Structure formats: C-alpha cells, structure tokens
Amino acid sequence: MNLLERKGKTMATRIKIFDTTLRDGEQSPGATMNVAEKVRIAQQLEKLNIDIIEAGFPASSKGDFESVQTIARIIKRCEVAALCRTNPSDIDLAWKAVKNAKLPRLHTFISTSSVHLTHMIKKTKDDVIKVAAQSVARARRYTSNVEFSAQDATRTDVEFLFAVIEAAIRAGATTINIPDTVGYAVPSEFGNLIQRIYREVKGIDKVTLSVHCHNDLGLAVANSLVAIQNGARQVECTINGIGERAGNASLEEIVMAIRTRNDLLPFYTRINPAHIYGTSRLVSKITGMLVQPNKAIVGANAFAHESGIHQDGVLKEKLTYEIMTPESVGISKSSLILGKLSGRHGFRERLKELGYHLSEADLERAFNRFKMLADKKRDIYDEDIESIVVEEILRMPKRYKLIYLNVITGNVTVPTATVQMEVNGKLIQEAGFGDGPVDATFKTIKKITKSKSKLLQFAINAITGGTEAQGEVAVKLEEKGQTVIGQSADTDVIVASAKAYINALNKIEFRKQKLVGM
Ligand code: KIV
Ligand code: ZN
C-alpha cells in the first residue's frame, strides 16, 4: 500500500493520463502498425484505464483515418482523441473519424516558435493567433472537448505563447497542451514555464493544463513530473516511451513515480498498474521495438538483483533494494501456464484472461500453433501465447508469406538457405548463400521478393528463459527514406529471423498505401 492509499485519495489531486502511443508512438522510426494491431493496443490501453487515447492523425493517411474510426467505435471507457492541424479540412476529417466515440476529443495544433514560424509554416505571429482561435472555434462546432497544442512551446517567446493560449481559451479550448516538442527544456526551466502559465494566463483556471515532453535530452519524465508539481493536470506519454526521435515521456515511469514517491508527489492517476507490464510487452511485440533490458519499470533487468550483497539484502527484506514490487506492475514470477497436455478449453480461458476474445476460426488457428509450439517447447508462458496471437491473428493479409526454409550451416561449410515463399499467392523457390545462416536466408528472401530495402538493424532477444526459449527477432529495414521494423518469434532463431524480415517487407508494402506523413 502506498502513502496515497494509506491517506485516502481525497488529499491528492488527480492527473489525467493521455496516451499517444498510437499517434506519436507510431512516429518512432519504423513502428508502423496496421488497423488490427492498433485496435488491439487500444483495447489494452482501455484495460490499463487510460483517461484519453490519442488514436491517430486521420489526415496523415487512409490507414490512420480507419484506425481512429474503428477505435472510436470500439472503446467505451476512455476518451478517444484525433489529432488535426489547424486547417479546416484536417479538423473536419478528424471529426469524421472520431465522432462515433462515446467520449470524443479533437486535438488541434499549430507551431508557435519563431524558428517554426519563419522556416516551416511561414506565418506571422498575428496569423498564428488568428488561426489558432479559428481552428479551436471550428472544432468547438463539433464537440465541447477540444484540446489545443502550441507546438514547440518551450522555444517560443513567452509573451507570445501566453497570447496564443489566451486566444485558444477564448475560442473554447478545454485543454491547453504545452509540448516540449524537441526535448529541449530542463526541469527547473520547464517547471517555471508551467507555473507562469498557471498563474498568468487569463482563463487557464477554466481549462486543463497539459504537458507533452519529448526525450531528446533524456528529461521527458523529469519535465512531466515537475510540470504536475507546478499546475499541469494532464500528461501526454507513451508506453515504453516510444515516439518521434528519442521518444516521448514514458507512461509507466510517470505513473510509478507518482505512486512510489507519493510523499513528494501528492497526486494520483486512474491507471491500473497491474496491466503495465502486459501493455509494455504487447506494444513491444506489435511495433517490433524491443525494450532495452535496463529500461526502468518494464526492462528485463528492472527487478533483477545481480550482486551478492543485493541478493542477500533482498532475501532478508525486499525493502533493502526494492522500491516497488515486480508484482505491482504485473510482472508475475510464476507465469508458467500451459504445456503440451493443455486442452483447447484451458487455452481459450488463458487467452480470455490475457484479454484476447477470439472467434472460433481464430481460436482454432491459434490453438494449432500453440500445439506445434508445445511439441518443441515444454513450458508455455504468457509471453509465448501473446506471440502466437500477434503473429497468427493480428497480422493483416500478407503479400509475402514464408512457406519453407531449409538452412545448412556449420563451421566448415558455406551457409546456404533454400527458401520457398508465396508472393501474391504465387509459389517461388530460391537458394542462396551468405556469411552466416541469417545472411544466407535474408539474401535469398531478397532475391525472391526483389526488395530494394536496406537492412539497418538486426536484434535477437530470448523470450522467457532456457535454451528452448523462443527467440524474438527485430529487423529494421529502410526503403526510400522510410524505415520499418519487422518482428517475429520462434524456437528456431533462423526461422524467427526469416519471419521478422518478411514481416518488415510486408510492412513496407502496407506503408506504401499510406498517403502523407506528418
Ligand atoms: O511534439 C509535439 O509537439 C506534438 C504535438 C502535435 C502535440 O506531438
Ligand atoms: Zn510529440
């Protein structure tokens, strides 16, 4: 029980958690998601008890429009926000996408810093004030829940920033968001800015003051926390801190900092921390962005005590080296759940507990895949089950499919791969060699698909422990300046690598259907 729970929630102030994993998070290089994947994450965010889910930026692509529209229809317990620039067509389209949500929100933004005004949007300060007010007023014609963001606020002349915010409030904005768009602010400076806005901007007491911090200097969480100490009541953040460039403030770090240091941060959020770890795993699996082992709260080493002195201390009394328990964020020590003898019923029940309600046909496919895995691997963990669902069910119809892979390798032979694939429904087989089994496999797949993409990164992690663990592979590819991350898992790391590579190629194809970027 933390201090807040001991004292009772009446003493603390509530902080709204605005999750932008599906919008800013998707702007991480390579983290493209399809509609089904985004819907799955949105459902998990609802389970986590997020206040506002930013589902996407409808004007950026057909896929984003469709994702926002679908999420708006499905999510009932969170507000669903759609991002739009200040031009009328963006606002109208964002409303069209989000209007069926039970609790819709329009989020409109314009740049306010001189560097953006001069070089990017080519507008005068007066133009910006006018456009900000007009866009909020237009959004207000659709909904009473309108958020306005002053992009690059932390590099904006303060008096001008105040003027823009006041204009947005007069026009009807109900949330004012202060983004540190390029992660430039340091905590004392940012706290001071928020305090001045909270004290000096006319009408700010009638709206929710929000912050949106990027992590370019590694200060996004610190800046978010200092902002709430100075009057911010909404924080914008992402799961695992993913997002444009160095990412956004990490949701799990903000939530757990508030819970753990409630003595100094007398606030609370609605978040159910028991779903933090599951959500982190799901986002990592779907985006292909592996979580660094030393990542706070959700990294593989976050609760691992390595040195003898630490282990001894923790065995005697957890409080010696643990400021929170792994169980509090949903990391369970005994997540072993199923094995070879488990039946369809047990499998279905476990899926339900993990939040997956599959149709009979999808359940059948997932169960068959589970049986195949159970033949190779004695113990099946929650992470393995999630892999199966993400790989078998969520992925969209594929242009490229792996049918067969045979690799010959060893220390005295030239590694050779024979690959059979389905390309647009047609079977193609090729063979090739390379510097190692993965290189041979990738070169052969490239030959079959005639892909022009460049391999930027290749990473392998073991899901769960032991030599029979599934290998989780992430592959980052680049084509025409666009990057994508493919991800897959298998007990055979070469097969996992091939599937991750093919997943990335499918994402490139999916990406080609997108219209414009932000
Ligand atoms: O970083 C930023 O400024 C943004 C805005 C669109 C809120 O993401
Ligand atoms: Zn951002």
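Seven aromatic pairs are found in a search of the whole structure, where rings of Phe, Tyr and Trp (its six-membered ring) pair if their centres lie within 6.5 Å, with planes under 30 degrees apart counted as stacked, over 60 as edge-to-face and the rest as tilted. The ring centres of Phe57 and Phe109 are 6.5 Å apart and the planes stand at 70°, so this pair is edge-to-face. Because Phe57 lies in the loop between strand 3 (52-56) and helix 3 (62-74) and Phe109 in strand 5 (residues 104-111), the pair ties together parts that are 52 residues apart in sequence. The model is predicted: local features need pLDDT of at least 70, side-chain atom pairs count only at pLDDT 80 or more, and totals for chains, interfaces and linings use all residues. Residues are numbered from 1 along each chain as its sequence is written, and side-chain values use heavy atoms, with hydrogens and water left out.

Phe57, at 2% relative accessibility, counts as buried, and so does Phe109 at 10%; buried means under 20% relative accessible area, exposed over 50%, and partly exposed in between (1.4 Å probe, protein chains only). For Phe347 and Phe370, the centres are 4.8 Å apart and the planes at 25°, so the pair is stacked. Both of these residues are buried, and together with Phe367 they form one aromatic cluster.

Strand 17 (residues 470-479) has nine of its 10 residues buried, so it is largely enclosed by the rest of the structure. Helices (H or I, at least four residues) and strands (E, at least two) are DSSP runs, numbered from the N terminus. Strand 17 runs antiparallel to strand 16 (residues 454-463), joined by nine bridges; two strands pair if DSSP finds at least two bridges between them.

Technical notes: Chains are lettered from A and ligands numbered from 1 in the order in which they are written.
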